[in-house]
Amino acid sequence: MPEIVRTLGRDALTLARDAALTREWLVPNGLGGYASASVSGAVTRRYHGLLIAALPAPLGRVVMLSQLNDVLIMPDGTERRLTSHDPGQDGAVCAGYVTAFRLESGLPVWRYEVDGIVLEKQVVMPHRQNIVHVTYRVVKAAHPVSIRLRPVLAFRTLESAVDQPLARDYRVIAQGHQYEVWAGPDLPVLRMTIDGAPMPLTLDGGARRDLHYPVEAERGYESRGSLWTPGYFGGPLQPGQSITFVASTETWRRVEALPPADVLKFEHERRRRLVRTAHPSLREGAMAELVLSADSFVFVPAGRVADQMRARAEGDEVRTVIAGYHWFTDWGRDTMISLEGLTLTTGRHVEAGWILRTFAHYIRRGLIPNMFPDGKDEGLYHTADATLWFFHALNRYVRTTGDRHTLRIILPRLVDVIEHHRRGTDYGIKMDAADGLLRQGKEGYQLTWMDAKVDDWVVTPRRGKAVEINALWYNALCLTASWLEEEEGSQAAASYRAMAETARASFNARFWNEGRGCLYDVIDGEQGDDDAIRPNQIFAVSLDNPVLDRGRWEAVVNTVRERLVTPVGLRSLAPGHPDYKPKYFGDLRARDAAYHQGTVWGWLIGPFVDAWLKLHPDDLAGARKLLEGFLPHLNEAGIGTISEIFDAEPPFTPRGCIAQAWSVAEVVRCWAATDTAPMAKAAE
């Protein structure tokens with residue numbers, strides 16, 4: 001299998017802010033922790049760092065190692081700073097001596113050229129360990145040089161403001177080549193060492209330094225904060241020599257269990273194996289990169305120890321999906337929408353089963369969690385659609401794997417879900433007995449996927465009967481009836497068939513907007529029926545059991561295509577509406593005002609492709625073209641991955657999370673679904 005490499009050369013690493021600072025790299029550790037920064041080396045977000053450790057509740061994710069300042073000492077004693085770590089107050093950044101940045105199987109590598117010396121740096125995290133390795137290798141040099149590596153520490157929880165006060169007292173404990181930094185009884189210990197050469201830590205007074213985070217300033221948050229450094233590691237480097245700086249919150253036994261060369265070799269092999277097991281159309285080029293990006297989101301929730309113990313006692317494993325980097329945790333809705341693309345299309349069927357069985361254990365009062373706050377053991381359940389997406393995910397899983405055992409385990413819980421929805425459960429979620437449709441809504445809550453909220457302002461409350469909620473409701477009823485019929489016979493399924501037919505008839509009578517030739521977004525809402533043209537109506541066509549009458553599919557698909565489709569997903573609101581916002585920028589209130597009011601969402605291209613292929617089943621090439629706009633984006637925000645959202649107008653600037661699970665999942669899934677190779681082979 002050819003090496004999967006994406007390279008940004010000198011031209012892409014300009015000194016301009018919009019190039020050097022807005023492109024970012026990410027290395028996850030499979031626990032929810034990660035390493036990440038801008039490709040320039042500058043830390044521009046509070047979420048950046050070389051070691052963000054995922055730790056048991058109540059800590060959650062903690063920024064342990066913020067930076068590693070690296071300097072070459074030349075034979076004449078002059079210093080050459082390899083990369084800039086401080087973007088400065090005005091956002092200007094010096095790319096230092098970086099001449100190229102590349103991803104090798106998704107792992108970042110920098111190439112530096114300094115006065116005839118060529119040096120490379122690589123970052124890797126051993127899978128499912130809170131350990132980071134930063135390796136420096138002298139590729140070319142006519143004479144020895146010395147290197148100085150200064151670790152700069154934060155010791156703050158991921159969501160904490162950057163101006164949070166530092167610990168009062170840091171202690172450094174040394175034993176041989178092992179160094180530990182302690183910052184108090186409630187914080188983890190950071191362990192550091194150098195592998196490959198004897199480089200002691202020189203203590204120089206525990207200096208504190210002030211750092212500006214320009215992205216936080218743009219987002220309306222505190223943007224200046226202090227960091228602490230105990231000193232620096234330093235020593236000579238010979239031509240051809242490699243050294244590795246290691247930092248970790250794990251025990252020394254774990255830290256030193258594998259030499260850095262083996263860690264890198266094993267991680268490359270693990271990643272090659274992921275690509276080999278994916279759908280054949282995903283095994284090279286940009287799609288192979290997205291298979292590796294998909295791996296970023298499937299993780300073991302390190303903080304929820306009790307869940308892991310329960311699952312292992314049952315002979316199972318806990319897996320879930322982190323919704324996006326850097327600030328999301330695992331969300332029920334995102335997990336269920338992403339499951340097929342992240343796991344089934346990539347050949348990770350066993351993990352898909354673990355995810356579904358994990359979330360089946362989380363069902364409470366007919367709902368799965370909307371999300372798990374960082375550092376918490378219990379989820380929050382304020383969602384009207386995540387649970388209905390569970391039915392969809394399970395159906396795709398059973399269809400792909402034939403695993404009826406998992407279906408039989410989960411089916412009684414899904415019947416209970418339906419019954420809770422029929423009788424009524426939390427947040428006003430209840431089937432209307434008069435028409436069989438599902439309504440939802442509670443003052444102060446945002447229950448659909450359009451869930452922006454600032455303080456007490458719910459931007460798009462959509463209280464009433466939302467179009468996609470009822471498309472999902474009908475799909476769930478049909479699937480439950482089919483499963484019951486297969487497992488227990490037609491009598492057990494009869495009442496759910498009847499509920500589905502009532503909902504279908506009511507949906508087609510109530511949601512069709514004759515004047516616009518498409519569907520209402522919400523009916524029976526607080527302001528009556530909402531005729532805003534939004535992408536939510538596409539689910540009435542795209543789901544496995546489409547609730548909309550066949551004769552109306554084309555009108556809905558054409559409306560969505562003409563008003564909402566862009567090269568990188570679907571607008572959340574059509575231009576021309578009074579609430580339409582063409583750009584997503586500014587402080588939190590300004591951003592959330594635009595979040596679902598025009599902003600493009602990458603993941604929505606998936607259901608549109610599904611709907612398009614239902615209308616045009618032979619047009620695989622046309623459906624594939626809908627995905628091609630994502631390919632140049634892989635060189636933009638998060639290198640080798642897909643962002644959460646984009647501005648609603650050209651140039652469709654990427655915004656939000658630099659790596660979003662459902663964005664990656666839906667592009668991967670639809671790329672495989674639009675593969676023409678099987679058709680071409682059948683025609684031969």
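**A helix contact and its surroundings**

Guide: In this predicted model, the contact is made by Gly-332, Arg-333, Met-336, Ile-337, Leu-339, Glu-340 and Leu-344 on the H7 side, which meet Ala-386, Trp-389, Phe-390, Ala-393, Arg-396, Tyr-397, Arg-399, Thr-400 and Thr-401 on the H9 side. Sorted by class, the residues of this contact comprise nine nonpolar, three polar and four charged. Two packed helices are described by the angle between their axes and the distance between the axes. For helix H7 (residues 332–344) and helix H9 (residues 386–401), the axes come within 7 Å and cross at roughly 15°. An angle under 35 degrees counts as roughly parallel, and H7 and H9 are therefore roughly parallel to each other. The crossing in which H7 passes H9 is left-handed.

H9 also has a contact with helix H8 (residues 349–361), and here the two axes come within 11 Å and cross at roughly 150°. H8, too, passes H9 in a left-handed crossing. From H8, the residues His-349, Ala-352, Gly-353, Leu-356, Arg-357, Phe-359 and Ala-360 take part, and they meet Phe-390, Ala-393, Leu-394, Tyr-397, Thr-400 and Thr-401 of H9. This contact of H8 with H9 consists of eight nonpolar, four polar and one charged residue. If you follow individual side chains of H9 on the display, Phe-390, Ala-393, Tyr-397, Thr-400 and Thr-401 are listed in the contact with H7 and are listed again in the contact with H8.

By class, the lining of the largest pocket is made up of 15 nonpolar, six polar and eleven charged residues.

The second largest pocket holds about 700 Å³ of space. It is lined by 26 residues, and the closest to its centre are Thr-22, Glu-218, Thr-653, Pro-654 and Arg-655. Helix H1 (17–20), helix H2 (214–218) and strand E36 (654–655) each contribute at least two residues to this lining, with H2 providing the largest share, three residues. The classes in the lining of the second largest pocket are eleven nonpolar, five polar and ten charged. The loop between strand E35 (645–646) and E36 is where Pro-651 is placed, and a cis peptide bond with omega about 10° joins Pro-650 and Pro-651.

The largest cavity has a volume of about 240 Å³, and of the 20 residues lining it, Leu-26, Leu-103, Gly-106, Ile-639 and Gly-640 lie nearest its centre. Strand E1 (5–8), strand E2 (24–28) and helix H5 (285–295) are the elements that give two or more residues to that lining, which by class has ten nonpolar, five polar and five charged residues.

The second largest cavity, with a volume of about 200 Å³, is lined by 20 residues, of which Phe-299, Gly-303, Arg-304, Asp-374 and Gly-375 lie nearest its centre. Its lining draws at least two residues from each of strand E4 (49–55) and strand E5 (60–73), and divides by class into ten nonpolar, five polar and five charged residues. In the loop between E4 and E5 lies Pro-58, and the peptide bond leading from Ala-57 to Pro-58 is cis, with omega near 10°.

One further backbone detail deserves a look. Most residues other than glycine have a negative phi, and most peptide bonds are trans. Asp-115, although not a glycine, has a positive phi of about 50°, and its place is in the loop between strand E8 (107–114) and strand E9 (117–124).

Definitions and conventions
Residues numbered from 1 in each chain as written. Predicted model: local features only at pLDDT ≥ 70, side-chain atom pairs only at ≥ 80, totals over all residues. Heavy atoms only, no water. 1 Å grid on protein atoms, 1.4 Å probe; cavity = no way out; pocket = protein on both sides within 12 Å on 5 of 7 lines; lining within 4 Å. Points joined across faces, edges and corners; volume = space filled by probe spheres on them. Helix = DSSP H or I, 4+ residues; strand = E, 2+ residues; numbered from the N terminus. Nonpolar A, V, L, I, M, F, W, Y, C, P; charged D, E, K, R; others polar. Axes fitted to C-alpha atoms, helices over the stretch in contact; angles between N-to-C directions. Parallel < 35°, antiparallel > 145°, perpendicular 65-115°, else oblique. Left-handed = near helix turned anticlockwise from the far one by under 90°. Contact = heavy atoms within 4.5 Å.
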